[in-house]
Amino acid sequence: MKHAETARKKAFIRTYGCQMNVYDSERMSDLLIAEGYQLVEDGNDADLVILNTCHIREKAAEKVYSELGRLRINKAHSKAEGRDTIIAVAGCVAQAEGEEMLRRAPAVDLVFGPQVYHRLPQLLSRASAGERVVETEFPVEEKFDTLPKERHSLAAQRASAAFLTIQEGCDKFCTFCVVPYTRGAEFSRPVNVILDEAKQLVNTGVCEITLLGQNVNAYHGANDTGRDYQLADLLAALAEVDGVERLRYTTSHPRDMTPDLIAAHRDNSKLMPYLHLPIQSGSDKILDAMNRKHTAAEYVAIIEDLRAARPDIALSSDFIVGFPGETEDDFADTLRLVSKVGFAQAYSFKYSPRPGTPAADSELQIDEAIKAERLARLQALIGEQQAAFNRNSENTVFPVLLDREGRNPGQLAGRTPYLQAIQVEAPAELRGTIQQVRVDRAGPHSLFGSLDEMPAMPSAGDRGIQMAGASN
Ligand code: 5AD
Ligand code: SF4
C-alpha cells in the first residue's frame, strides 16, 4: 500500500482568472485522479504541472509567461534528478496563442484550450512519448459528455460550496473582450445533466451551488421532453433537488435579465439575494462603442425591478475605465451611475487592448496615467460603498454557510447570503453547516461574527446541513 502511494504520479494545477477556470481545474483534477494521479499543492516536485490560464487582460496573460520562465529552470533541475516533468498550458491563453506558445516558451510540452481538456489522458500520453502537443478545437458537447461523473477533487477538499458550469461561450461580442474567441459560441448544457451533476455535488457534501456561464442568464437548455428551460426554470428545478440549500449564478448580461429571472429573486427561496451584473461604463456613448446593446438608464431600470422583487438584494458589477474615446464627462457618468445604484462590491479594471478585438484597433486609446487616475477615483467610491454595506451588517444575524477553516484556530470562515466573507468563532464540527451568525464587527472587506444561538450539531442523516433561516 505504502509502495503504491509513493509510486503515484503527482500533478499540480495553478489556476488564473475567473470562476469558470476554477471549475475547469476541478474537472481536470477529477480526470487526473481517475488516471491515478495525486494532486499536490506544490509544483516543485510534481510530474505534471498545468497552468490554467486567463487571457482577459494583458497582465493576466503576461503572468503566465513569467511563471513559464521559472518552470523552465525547475524543469532543468528535475531532469538532472532523473524526473521528466510535463509542463502543460490550458485555458484561454493556450486557446488564443496555440502553436505560438511552443515558440515563446520552450519548456512547454502541451498546449490545450478550455473546450478539449476532457482529452487530457490521451494528450498526456502523446506528450510523455516526446511530442509537443497543441490542441485547440471546440468539441464542447463531447467535453461535457466525457468528463467523469464523480467529483473526487471536491470531496477531497470537503467542499460545501461548489461551481457548476451550465453554459459556456458568448455570442455578444463586446468590442473589448476575448471571450467569444477563446471560449467559442454560446452553448447550454441540457437540463437533466445539470440536475444529475447537482445531485452528484450534494452526494459529495455540497449544499451551495453557483451556476456558471460567461453569459449565464442567456441559458436555454432542453429537458427530457424537449421543453426549453430558461435560467429561471432551471433555478426552480434545482431548488427542488434534495440537499441543495443555496443557489447563485454568475456572470449575467443586462440584456438577458428577463422578467421571469427577476421574479425568481422574489419567488425562489433558495436563490441568494446577490447579483453580479456587469455594466462596464455609465456613459451611453461608451456603452455603444463597447457594443453592450443597452443604455445606462436601461441598466438602472433593471436594478429598480430587481429591488422591487427582492428589496435587500446586494449588487455587484464590473467596470472598465479608459476605454478608447472615454472623456472625463463619460467617466463622470460612470461615477454618477455608481452613486445612483449603490453597490455592495464591484470589480474595476483599466482597459487593456486585446489582440484581435475591435477596440484594440481604435485610434482613441487613452493614456495609461489617465486610466490609472480614473481607476483610483472609481475604486475609492466603490470602496466607500462596500465599507458602508458591510458596516450596515453589524449587529445583524445572518444564516452563514461555514464552508472552510477560518484564519485563526477556533474560527471557521464562510459567506453571508450577500456573499460577504465572514470569520466566525465556531467549533470545527460545524464546518459544512449553515448557522445563524451575529455580525460583531465589519471590516472593509470582510466581517467578523459569532454563533447567535446554540448550534444544531450535524447529524449523519442530514449530512450536517442545518436549514437556513427565514431571511433567505
Ligand atoms: N480590458 C479590461 N477589462 C476587461 N474585461 C474584459 N475584457 C477586458 C479588457 N480588454 C473585464 C470586464 C469583464 C470582466 C470579466 O473583465 O469588466 O466584465
Ligand atoms: Fe465578453 Fe461581453 Fe461576452 Fe461578457 S458579454 S463574455 S464581456 S463579450
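Author: Let's start at Thr251, which lies in the loop between strand S13 (246-250) and helix H12 (259-267). Helices (H or I, at least four residues) and strands (E, at least two) are DSSP runs, counted from the N terminus. The peptide bond leading from Thr250 to Thr251 is cis, with omega near 5°.

Before we go on, a quick word on how to read this. It's a predicted model, so local features need pLDDT of at least 70 and side-chain atom pairs count only at pLDDT 80 or more, while totals for chains, interfaces and linings use all residues. Residues are numbered from 1 along each chain as its sequence is written, chains are lettered from A and ligands numbered from 1 in the order in which they are written, and side-chain values use heavy atoms, with hydrogens and water left out.

Helix H11 (residues 231-239) packs with H12 at an angle of about 30°, and their axes are 8 Å apart. The axes are lines fitted to C-alpha atoms, for helices over the stretch in contact, and angles run from 0 to 180 degrees between N-to-C directions. That makes H11 roughly parallel to H12; the label covers angles under 35 degrees, with over 145 roughly antiparallel, 65 to 115 roughly perpendicular and the rest oblique. On the H11 side, the contact (heavy atoms within 4.5 Å) is made by Leu231, Ala232 and Leu235, and on the H12 side by Asp260, Leu261 and Ala264. By class, that's five nonpolar, no polar and one charged. Here Ala, Val, Leu, Ile, Met, Phe, Trp, Tyr, Cys and Pro count as nonpolar, Asp, Glu, Lys and Arg as charged, and the others, Gly among them, as polar.

Next, the surroundings of ligand 2. Around ligand 2 you'll find Cys170, Lys172, Phe173, Cys174, Phe176, Cys177, Val179, Pro180, Asn215, His253 and Arg292; a residue is near a molecule if one of its heavy atoms lies within 4 Å of it. This shell divides into seven nonpolar, two polar and two charged residues. Pick out Phe173: it's in the loop between strand S8 (167-168) and helix H9 (179-182), and Phe173 has a positive phi of about 50° although it isn't a glycine. Arg158 has a positive phi of about 50° too, again without being a glycine, and sits in the loop between helix H8 (152-157) and strand S7 (161-165).

A backbone N or O atom of Phe176 lies 3.0 Å from a nitrogen atom of ligand 1. Gln280 has a side-chain N or O atom 2.6 Å from an oxygen atom of ligand 1, and a polar side-chain atom of Asp318 is 2.6 Å from an oxygen atom of the ligand. The protein covers 87% of the 400 Å² of accessible area that ligand 1 has on its own (Shrake-Rupley method, 1.4 Å probe).

Helix H2 (residues 19-34) and helix H6 (residues 120-128) pack at an angle of about 65°, with axes 10 Å apart, which makes H2 roughly perpendicular to H6. Met28, Leu31 and Leu32 of H2 meet Leu120, Pro121 and Leu124 of H6. Those residues divide into six nonpolar, no polar and no charged.

Technical notes: A polar contact is a pair of N or O atoms within 3.5 Å; within protein, one must be able to donate a hydrogen and the other to accept it, and residues adjacent in sequence count only if both atoms are side-chain atoms.
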